[in-house]
Amino acid sequence: MDDFFGPVTEDKAPGQEVLAGWIATDIGPSFRVLLDALAMIDDVQSGRPPFEEWSSDGYDVQFSPNGVTVQSLRGSRRRAEYPLAEARQALEDFWSFLSGQPERSNVRRQFRPDLPEWKADLLQWERTWNLRHPYRGRLGIPAQGPE
């Protein structure tokens with residue numbers, strides 16, 4: 001984790017370069033954006049359409065029952081498709097990585113600065129979408145809420 005740039009991908013598995021680029025640069029250190037991606041992948045894996053379309057200047061991402069398609073909109077404009085299980089595992093691994101990092105001292109937060117950043121972002125995500133996040137009770141996210 002770079003203090004200025006956030007997550008930096010190293011030693012990417014062959015074939016996962018586009019997925020790693022999307023996660024590291026488009027999602028980056030933002031728990032709220034990662035919560036969006038986790039909810040979208042959970043939606044399609046559960047047979048529902050994603051609760052929202054992915055919106056980004058850097059990547060076009062489509063979530064479907066067949067998998068996740070990631071298209072870079074800059075630079076090489078690379079495109080790749082990933083099975084849902086592979087994309088889900090990458091997002092879950094990234095959650096575990098980010099939530100295991102020390103609190104970022106250079107980030108000032110107005111919403112619930114008394115909580116760890118990931119917990120505050122979870123509460124703010126649920127308040128914004130007026131939904132219980134589908135990952136409650138998984139990945140160390142408390143099943144009950146709000147805190």
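Reply: Glu92 sits in helix α3. Helices (H or I, at least four residues) and strands (E, at least two) are DSSP runs, numbered from the N terminus. This is a predicted model: local features need pLDDT of at least 70, side-chain atom pairs count only at pLDDT 80 or more, and totals for chains, interfaces and linings use all residues. Residues are numbered from 1 along each chain as its sequence is written, and side-chain values use heavy atoms, leaving out hydrogens and water.

Glu92 has 16% relative accessibility, so it counts as buried. Buried means under 20% relative accessible area, exposed over 50%, and partly exposed in between (1.4 Å probe, protein chains only). Its contacts (heavy atoms within 4.5 Å) are Leu38, Tyr135 and Leu139, leaving aside residues up to four places away in sequence.

How many residues of α2 are buried? The count is 12 of 15, so the helix is largely enclosed by the rest of the structure. After α2 comes Gly47, with a positive phi near 90°.

Now take one of those partners, α1. Two packed helices are described by the angle between their axes and the distance between the axes. For α1 and α2, the angle is about 135° and the axes lie 9 Å apart. Axes are lines fitted to C-alpha atoms, for helices over the stretch in contact, and angles run from 0 to 180 degrees between N-to-C directions. The two helices are therefore oblique to each other. Under 35 degrees counts as roughly parallel, over 145 as roughly antiparallel, 65 to 115 as roughly perpendicular, and the rest as oblique. Trp22, Asp26 and Ile27 of α1 meet Val33, Leu34 and Ala37 of α2.

Finally, the setting. The protein chain has four helices and three strands. From the N terminus, they run α-α-β-β-β-α-α. Of its 147 residues, 40% count as buried.
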